[in-house]
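Please look over the sequence and the three-dimensional picture below before reading on.

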Amino acid sequence: MREAVAAEAQPVIEDARPTPSHPLAPALVWLMAITCGLVVANIYYNQPLLAEIGRTFGVAESRVSLVATITQVGYTLGLLLVVPLGDKRERKSLILTLLLCAAGCMAGAASAPTFALLATASLLIGIFSAVPQLLIPMAASLASDEERGRVVGKVMSGLLIGILLSRTISGYVGLHFGWRTMFWVGAGVMVVLTGILARMLPRNQPQFAGSYGSLLRSLGTLTRELPVLRRSALVGPACLPASVHSGLPSCSSWKATPTTTTPT
């Protein structure tokens with residue numbers, strides 16, 4: 001009797017994920033890839049602009065570099081605290097909410113009257129720019145088994161291209177139009193993306209039915225029980241600085257898998 005009650009109290013998790021009957025439209029795959037590149041660029045725009053930001057606020061070089069650091073800290077917090085929500089909440093609505101929040105924070109950074117407010121906005125930009133780590137598992141769940149590797153590869157390519165090109169674009173815009181312009185442009189891009197994704201992105205309801213707390217605790221469980229996850233977490237960042245972005249989507253995908261099931 002006690003066993004039956006205990007089993008009834010456990011979160012309900014669907015073991016079988018329905019396989020899509022139709023392949024993903026190429027336009028949707030490219031939209032996801034472009035979105036990943038444009039959103040991840042938010043956390044790198046400030047790096048070529050630090051010297052000009054320092055001159056604007058009269059801040060020493062050693063202190064202005066905190067803007068870049070705190071943006072990365074925010075991104076890490078987003079991966080740890082926001083991305084797990086993608087395994088509990090409907091992903092499309094979550095992505096649209098994050099994009100609007102990122103747009104507001106980019107606008108806040110562009111109009112920041114003080115260095116402290118710019119640093120605060122930069123932290124929030126990092127948190128709300130975790131959208132690529134929601135889109136990549138979403139693309140994998142929407143794709144059929146036959147096309148999943150190809151689809152994830154294309155979306156990942158958009159992410160990596162965004163990382164590579166963001167500094168070049170930011171440096172050019174900052175040199176010719178000022179650092180605030182780059183943040184205004186980024187805010188506008190987030191608004192446009194929100195409108196496009198609201199029309200084209202399908203709804204995607206994850207299968208996890210437990211609490212947010214149990215979802216966070218599962219990170220430790222998966223780390224203990226999956227040696228391949230530990231190896232990926234250790235080896236990935238050592239290979240390339242950008243590989244942290246390519247390793248973390250796998251963690252998000254595994255979190256959606258029941259802890260008693262070995263991911264394939």
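Contact, as the word is used here, means heavy atoms within 4.5 Å. With that rule, and leaving aside neighbours within four places in sequence, T35 is in contact with L135, L193 and L197. What you see is a predicted model, in which local features need pLDDT of at least 70 and side-chain atom pairs count only at pLDDT 80 or more, while totals for chains, interfaces and linings use all residues. Residues are numbered from 1 along each chain as its sequence is written, and side-chain values use heavy atoms, with hydrogens and water left out.

Let us take the whole chain before its parts. The secondary structure comes to 13 helices and zero strands, where helices (H or I, at least four residues) and strands (E, at least two) are DSSP runs, numbered from the N terminus. Of the 264 residues of the protein, 45% count as buried; buried means under 20% relative accessible area, exposed means over 50%, and partly exposed lies in between, using a 1.4 Å probe and protein chains only. Among the contacts in the protein with a separation of 6 or more, 85% are between residues 24 or more positions apart.

An α-helix has 3.6 residues a turn, so residues three or four places apart point the same way.

L193 lies in helix α10 and is buried, with a relative accessible area of 4%. Leaving aside neighbours within four places in sequence, L193 is in contact with T35, L38, V39 and L99. The C-alpha atoms of L193 and L99 are separated by 7.7 Å, while the two residues are 94 residues apart along the chain.

The next step is to see how α10 meets other helices. The axes of helix α6 (residues 91–110) and α10 come within 8 Å and cross at roughly 160°; axes are lines fitted to C-alpha atoms, for helices over the stretch in contact, and angles run from 0 to 180 degrees between N-to-C directions. Therefore α6 and α10 are roughly antiparallel to each other, since angles under 35 degrees count as roughly parallel, over 145 as roughly antiparallel, 65 to 115 as roughly perpendicular and the rest as oblique. The crossing of α6 and α10 is left-handed, which is the name used if the near helix is turned anticlockwise from the far one by less than a right angle, whereas clockwise gives right-handed. Among the residues that meet here are L99, A102 and M106 in α6 and M190, L193 and L197 in α10.

Helix α10 (residues 179–200) also meets α9, with axes that come within 7 Å and cross at roughly 125°. The pair α9 and α10 is therefore oblique, and the crossing is right-handed. The contact is made by I169, S170, V173, G174 and F177 of α9 and W179, T181 and M182 of α10.

Helix α6 has a further partner in helix α7 (residues 115–128), and the two pack at an angle of about 160°, with their axes 9 Å apart. These helices are therefore roughly antiparallel, and α6 passes α7 in a left-handed crossing. Residues including A102 and M106 in α6 meet residues including I125 in α7.

N42 has its place in the loop between α2 (26–40) and α3 (50–57). Is N42 buried or exposed? N42 is buried, with a relative accessible area of 1%, and, leaving aside neighbours within four places in sequence, N42 is in contact with A102, M106, I125, S129 and M190. A polar contact of 3.5 Å joins the side chains of N42 and S129; the term means a pair of N or O atoms within 3.5 Å where, within protein, one must be able to donate a hydrogen and the other to accept it, and residues adjacent in sequence count only if both atoms are side-chain atoms. R150, by comparison, is found in helix α9 (residues 148–177) and counts as exposed at 52% relative accessibility.
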